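Please look over the points below with the sequence and structure open.

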Amino acid sequence: MYRRDLRDTDCDGLLADMAVADRVVQAAVGPDGRIAYAKSRELTTDLWLAADGDDVRLTAEGVSAMRYGRTDARWLDWSPDGDRIAFVTADTELATVDADTGAVEVLTELSGGISGLAWGEPGIAVVTDGFSRASLAVVSPDGDRVEAVANDEFLYADPHWQGEGVVATRSRHADLFDYEAALVRVPLDPAGDVTELFAEPGVRAACPRPRPGDDGAVAFVHDGSGYDAVYGVAGDADGDAPTALYGVPETEIAAPEWNDAGDRLAVTATRDGRTGVHAVGVDGALADGEPGPDAGPGAGADPESAADVTALASGDAIHGAPRWGGGRVLSVRETPTEPPTVVDAASGERRTSSSTAGLAARLPAPEAFGYDSDGTEIHAVVYPPESDPEAGSGVESGSVPLLVKPHGGPTAFDGFGFDHRAAYFAALGYAVVRPNYRGSDGFGRAFRMANDGDWGGGDLDDVIRAADATAARYDAVDGDRVGIYGGSGGGLMTVNALGNSDRFRAGAAFYGVYDYESFVDDTDDVGWQLLKRELGDFVSDLDAYREASPIRSVPEIDDPLVVLHGEEDARVPISQSEQLVAELETHGVRHELRRYEGEPHGFGELEHVLDAYTRVADLFAKYLRELPDGGSSRPYEPPE
């Protein structure tokens, strides 16, 4: 469908370096200050240890650890004595590793997966499918005892020890995973009663963090008012309203973490695509105390000036998983030019090693802007034209083609994090805009739920209008030479945009959902719950599933489309792309399907990343660039 090596191949090396860049997923600080962290490179994640300036690899057979957002459960934790670290193996069993010798001991044979853990004096609490879906169990440190303490109709998540019980969140299996969840305390005795500390219809509690000490208090966040504050409940809470401890208007607060003394919290604060870290003083009993400084929705707060509040980290970055190490806070930070790494949140000093030194000097920097989409303000992050007339460089007007990249999810957001896919195309000379369309996370509850029942409606309009808004903002952008690409939810947006507008000249859809009716049969629980939230009950709302499916827009597609999918994708099976391609063939749409052996939901192997994105770069070069290769591409070799 297109001529290979039409792109500027000078950037292929940059793409390769970004694809294999070290990415820290999560970190935990031991009692003696040593930092254990999970680090990914290509498709392999392993456990490392940082101490005294040296980094030691503790595992060599892979671990399971994922970083999706600001409300993630823990995937690794230190033993109370600081000798060992608990983690989840690559085949999702519980194991420990000796921090001094590197000796690994696998503790379970559950064959049901583990998705969160916490190590306390009574043992290691885990969330596992080994008993029932997302049950709560306790494993002895020697692996001799594995007992379910909550094996019922609920799905548990994010366990943390509090005395002889476990604090966690739970939701019914029929509820939506990101829609409703209660905060509970579960006793070790399965015959004991589970205590609900906080529960409201349609509200999701997250990030339970028991306060150190014996008062039984718990800090947490919930989305009843858009995650705009961190709350606390007392140890004897019995349906009492939680106390708002700290909040900032129009800012999402998450990932609270107590210091050892239990008088300060570190939290993440997300606004306009940036996530910083704040430290907040919390004095007194939560049951009797008044809301903390500037606490509560709409209170108006300046973290720099508020009493006993310090903005430790801010700027064009995304911080996650703050952890106290003595009197300092560590976080996992990523920027547009630096992959995720552990840093001292206040000073920015790196605390873990990386093999990606010098990458920042080779990457462009994005900026943010807002635009109107039929009365709704949409936030976008854009890699602008490298040289724009507004900056006084005198670049010719309309000389730069544009790419629109809608994110997946849709409950995710594009901000000032490390996005090697967008950075690659920006380095090739494209302007790249990443719109946070309706349904995106990070902009409050109402915005996150704005596309429920309207998937492919207002959110699609937001994506299409991103092209006009970017072209209007930058004189150097040619609004007539626009392409679109994205993965997962961004893949379905790509197909929808091509079929419902004439705004784009070419598109690339990675591992997307295209037929919602058949997707229900093939996806995992997360995919099923997502569709239920977005489109309603399958039986009563079947017509909505059919009408909203991107595959219905294929007859209206006039532009070339590359479809890319991994053969081992469990979240979105490759059958979705096969169905799409069959429809493209029926209607004579120019297309190509690329299959990648062994790849799950997302591409990780270097060979596959290079093949996929250079193919897409060649596609856009053919349809969007004028003199695209500039004489730098390799000679074309026709296929045999």
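1. Strand β19, residues 218-222, pairs with strand β20, residues 229-233, in the antiparallel sense through four bridges. Pairing here requires at least two bridges found by DSSP. Within this pair, Val 221 is opposite Val 230 of β20. Strands are DSSP runs of E with at least two residues, helices are runs of H or I with at least four, and both are numbered from the N terminus.

2. The model is predicted: local features need pLDDT of at least 70, side-chain atom pairs count only at pLDDT 80 or more, and totals for chains, interfaces and linings use all residues. Residues are numbered from 1 along each chain as its sequence is written, and side-chain values use heavy atoms, with hydrogens and water left out.

3. The open sheet has four strands in the order β18-β19-β20-β21, with antiparallel pairing. Its edge strands, β18 (205-210) and β21 (243-247), each pair on one side only. From one strand to the next, the twist averages 25°.

4. Helices α2 (residues 420-427) and α10 (residues 606-624) pack with their axes 11 Å apart, at an angle of about 40°. Axes are lines fitted to C-alpha atoms, for helices over the stretch in contact, and angles run from 0 to 180 degrees between N-to-C directions.

5. Which residues of α2 make the contact? They are His 420, Arg 421, Tyr 424 and Phe 425, where contact means heavy atoms within 4.5 Å. On α10, the contact residues include Tyr 613, Ala 617 and Phe 620.
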